[in-house]
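These are my notebook entries on one structure. I record what I looked up, entry by entry.

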Number of protein chains: 2
Amino acid sequence: MFLQHLPSLPLCYYDKKNNKVIFKLISDKEVTSVKIMYGDPYRFDKISQCDDPSINKWQWVYEEAVLQEQYSSSDGVMWRCEITPPQTRRLKYAFAVTYKNGNRVYLSDNGISEYTDECIYTPYNHFHYPFIHEIDAPDVPAWVGETIWYQIFPERFYNGKPSISPKNAESWDNDKPLSRSFYGGDLYGIIEKLPYIKSLGITGIYMTPVFKSPTNHKYDTQDYYTVDEHFGDKETLKELVSKAHDLGIKVMLDAVFNHIGSKHEFWQDVLQHQEKSKYKDYFHVREFPVRAEYKDRDSLNYDTFAYAVNMPKWNTENPDARKYLIDAAVYWIKECDIDGWRLDVSDEVSFSFWRDFNAAIAEHKKDVYILGELWHDPAKWISGGYFDAVMNYPLGRTITNFFLGKQPDPDIFAKQLTGKLMKFSDLHTGVQFNLLDSHDTARLLTQANGDKLTVKNSFLFMMLMKGTPCIYYGTEIGMEGEHDPDCRRPMIWDEKKQDLNMLEFFKELIAIRKKYNKLVQNAKISYTRNKSLCCWTLAFENEQLQICYNSGTDEIKLDNQTLLLTDNNVIGMLPGKTTAVCLI
Amino acid sequence: MFLQHLPSLPLCYYDKKNNKVIFKLISDKEVTSVKIMYGDPYRFDKISQCDDPSINKWQWVYEEAVLQEQYSSSDGVMWRCEITPPQTRRLKYAFAVTYKNGNRVYLSDNGISEYTDECIYTPYNHFHYPFIHEIDAPDVPAWVGETIWYQIFPERFYNGKPSISPKNAESWDNDKPLSRSFYGGDLYGIIEKLPYIKSLGITGIYMTPVFKSPTNHKYDTQDYYTVDEHFGDKETLKELVSKAHDLGIKVMLDAVFNHIGSKHEFWQDVLQHQEKSKYKDYFHVREFPVRAEYKDRDSLNYDTFAYAVNMPKWNTENPDARKYLIDAAVYWIKECDIDGWRLDVSDEVSFSFWRDFNAAIAEHKKDVYILGELWHDPAKWISGGYFDAVMNYPLGRTITNFFLGKQPDPDIFAKQLTGKLMKFSDLHTGVQFNLLDSHDTARLLTQANGDKLTVKNSFLFMMLMKGTPCIYYGTEIGMEGEHDPDCRRPMIWDEKKQDLNMLEFFKELIAIRKKYNKLVQNAKISYTRNKSLCCWTLAFENEQLQICYNSGTDEIKLDNQTLLLTDNNVIGMLPGKTTAVCLI
């Protein structure tokens, strides 16, 4: 008997935009129905309990609602309902859970026990939602759930102004970048290519860092207040954002607040003046003199990102350092009207810092998307309200592990998929930054040894899962690349070298996702399997989409109207190892 | 196979006072040993992987530690270890868990899988503690873990200055208080009785509200800045705290910040000026005119505590209201040097408010004890850092349910007991406010129908469990009382009417707890049962205490050196239904 509920995120929360309280419960497949009894904790009616009218008893006043299946896989169900809170905004509640064998149990704060009317009337052990405070309610920017992202590594996207390119820039045709290579991509190039980005159907751009730095990736910031001279300047960034906005495209920048670049004047001052530097407490220096070079890891005498000597770690608990960074985050919002901050190495920065960071940003612009880079369990950061979302590598890995054959069982895949969606509240799931590859991984096509079907299958699944999907530049035209630096090759603009079939596929896929976005984001998802045919049905209101994957090798006939196939084949037929999206 | 760990409170945290990271893991009884492998996430050594020295591989550098059993009951074990974090303050870690049948599994962020050396060398899936930030680390006041509390309902403790008593005060001998009765107890009386309190061994006093209010309980505050005129004044409170401090006794007050009293000038102003009142947004008024009386619950047109018309709910999101309350909390710390605030109906006030409240208090006095009144699962408030502790009714109920016979199985009791201790980190468990009864419950002796052994057994258990125990005034002399108002009878000072045997028992019990406080607070606890004899062994360093309960009716001979019996019986013999504490 498996039942799980907690009166907190992600299984219970207040959706303030819709004035609803959402309740979820996870059960095994033996459960046939779940009901919730809810009401004000203090509300009792006097009732006559027996034939003798002089004996009265107090009975809790409650309403009932029935939970619906939101996700089901082969061994579990996520049940869901939403209710309008009572006028008093206080709630107690408990669940009545009915099993296939007819048994009924009562699930409360005290665990599972036998169902009796008595246990409902005396809500002593019920779950408790003491008071609904809007100020405590989770919130995410509404626009994010409608956004299709495109990740750009600016140094490698397009050279729009060769006159500002680094002197040693490689030829754009050299597709073997080294760690220290420069190619001359810049913000002018991105501006020039906005129509291309728009033509894909993209509605949000995420750029890796654009501020002054000596490296091509710019994760070692030399000046947080200056756009890198090889990318453009503040006006260029302002123009980029403004033109993107005109095209209905949001812009997110990358905030590198875990560590500074060693060329930054603050760190240079520390190296020069050591203990006398006014910036000495901006960093975690373990002893003076600070050594800018070290023989072995243990003799490094200040904190860094990883063991990178050019990336000293910020001491964000120092009030002046904290203010400097938060001011920078606000500055680019005020100056250029950016829409989001992606936070590099976000989990190595304190919660305390992110709390102040969020408060400062909210003061200057509503609905800025706060996206943490986090590779592990993000529960604390999301449920704690620090970030709207994280780079959703766990969902991505679940998808690619399946299609790359690392975890080949479709039933397990289905279970893992809903497991990932269940990690967050619906509110948060809808804005998670879903991705399959990035500047920090090998490109998927390369991971798949060039098998394009794997890429298409994977992206089809990712694009039709809840969350806000992202495509890494060049994926749409079949670019390849091993791990960094190879995954950061210059974008291929020569149509003869582009995979135009892949490009067409991505355009169609994005169009489908946008057309059915409301369905995808709100869908109940059920999984069924009939021999090789594995189907995920997404249903919302009167619409249903089905994702059908043929796990076998023989072709299968499809009855439903096929919207998109991952293979160029006869519509209505699903070849082996191929996925289709159908409207049913 | 049951294994539970999460890289967050209560199962993992940084103990900043001792510079240790604590790891805990919960398992079933089939597990025989648990080992942790931990190290810096970025630290790898190049190793030669095979006979060909030209092929190298990177291997994660880690250390190992063995977990010890902290709690064990009949069906589970809590394992624990602490480690000194590496200089870089970053950690990845995983567990190797060995079973009775020789199987070994690897527990990581990715769940349970087969143990291989490979999975340790590549810490990709390991649990992650990204960076140890002191500012984020949980913290509690050190003094609380050494405190034995005494709860006083001031109106009923002692009348030290009859000249300020309410005119209609009852005779102190009238032991049938009504809801509206006054008796004349005051702060002068508490000052006068400090030597008595000290003689019990008490080191902390918690007083229910003392501020101006028309009721005897004063939970409807009329003025947050004035001590009630029938209790004394600010100087009296100052003297009380000062004299208590001289005797080594801390003082905690009761903060009623969920709701105001309707006689407070702010609410009176709202009633008088309605929409024009400058205080109208200090409350949650649903419509004007506010009705001070109502026919039925649904026509009450402002938020209140429960449905109490004399307790309008504060709108703590209003900045002025918020400031007024927080200033009051700080005021009494600055003026009278109080040591703690107990927060009434704390769970119906927003997290946002408590965050500001805590920050303001920390600025004015270190180590103020913040205790929330909370009757349900307090995880969010404790792990979120809002409160140091809660009124630990769940632990109290576990103990009294057993001794009152509501849950009579000792094995289940043992499991529930450790379950309650496991709810919190060790840091938090040590300061939870443990209690068996209070002004909000019937007195335990009355719940036990006058059976004193039940009271003694229950308190013995409660006093020897981790946490900071509290005794409700009069319990030590055998006072009885049904639910409010009966549980608030005037304290019996006439020795002839006191249960002096009970008094002696409490003095001894408190003395034992104080003598063995370090052992109790740090103990590993193991439970064994031999027929009727149920034993809980508490062990720390070289000391061991044993709590022995005879669940049968025949007397059992005890071999251990007996320190205290709950009944006046032959040392070394344990009568039926009786508990003993032994030093072994």
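Predicted model: local features only at pLDDT ≥ 70, side-chain atom pairs only at ≥ 80, totals over all residues.

Residues are numbered from 1 along each chain as its sequence is written, chains are lettered from A and ligands numbered from 1 in the order in which they are written, and side-chain values use heavy atoms, with hydrogens and water left out.

**Entry 1: two loop residues**

I looked up B:Asn19, which sits in the loop between β2 (12-15) and β3 (20-27) of chain B. B:Asn19 is not a glycine, yet its phi is positive, about 50°. For accessibility I used these classes: buried is under 20% relative accessible area, exposed is over 50%, and partly exposed is in between (1.4 Å probe, protein chains only). B:Asn19 is partly exposed because its relative accessible area is 33%.

I then turned to B:Glu541, in the loop between β25 (533-540) and β26 (543-550) of chain B. B:Glu541 also has a positive phi of about 50° without being a glycine. With a relative accessible area of 62%, B:Glu541 is exposed.

**Entry 2**

Strands of a sheet pair through backbone hydrogen bonds, either parallel or antiparallel. Strand β14 (residues 149-152) and strand β23 (residues 468-472) of chain B run parallel and are joined by three bridges. B:Trp149 has B:Cys470 in β23(B) as its bridge partner.

I took contact to mean heavy atoms within 4.5 Å.

**Entry 3: a hairpin**

I saw that β8(B) and β9(B) form a hairpin with four residues between them. Strands β8 (residues 68-72) and β9 (residues 77-83) of chain B run antiparallel, joined by four bridges. β8(B) also pairs in the parallel sense with strand β24 (residues 524-530) of chain B, over two bridges; there B:Tyr71 stands opposite B:Ile525.

**Entry 4: the two chains**

How is chain B superposed on chain A? I found a rotation of 180° with 0.0 Å of shift along its axis (RMSD 0.1 Å), by least squares on the C-alpha atoms of residues with pLDDT of at least 70 in both copies. The two copies are therefore related as by a two-fold rotation axis.

The contact takes 50 residues from chain B and 50 residues from chain A. I counted six salt bridges across this interface, a salt bridge being a side-chain nitrogen of Lys or Arg within 4 Å of a carboxyl oxygen of Asp or Glu. I looked up the salt bridge of A:Asp298 with B:Arg43 (2.9 Å, N to O).

I also checked B:Asp303, which counts as buried because its relative accessibility is 3%. Residues that B:Asp303 touches include A:Gln87, A:Arg89, B:His284 and B:Arg286.

Note on methods: Pairing = 2+ DSSP bridges. Lists of a residue's contacts leave out its neighbours within four places in sequence.
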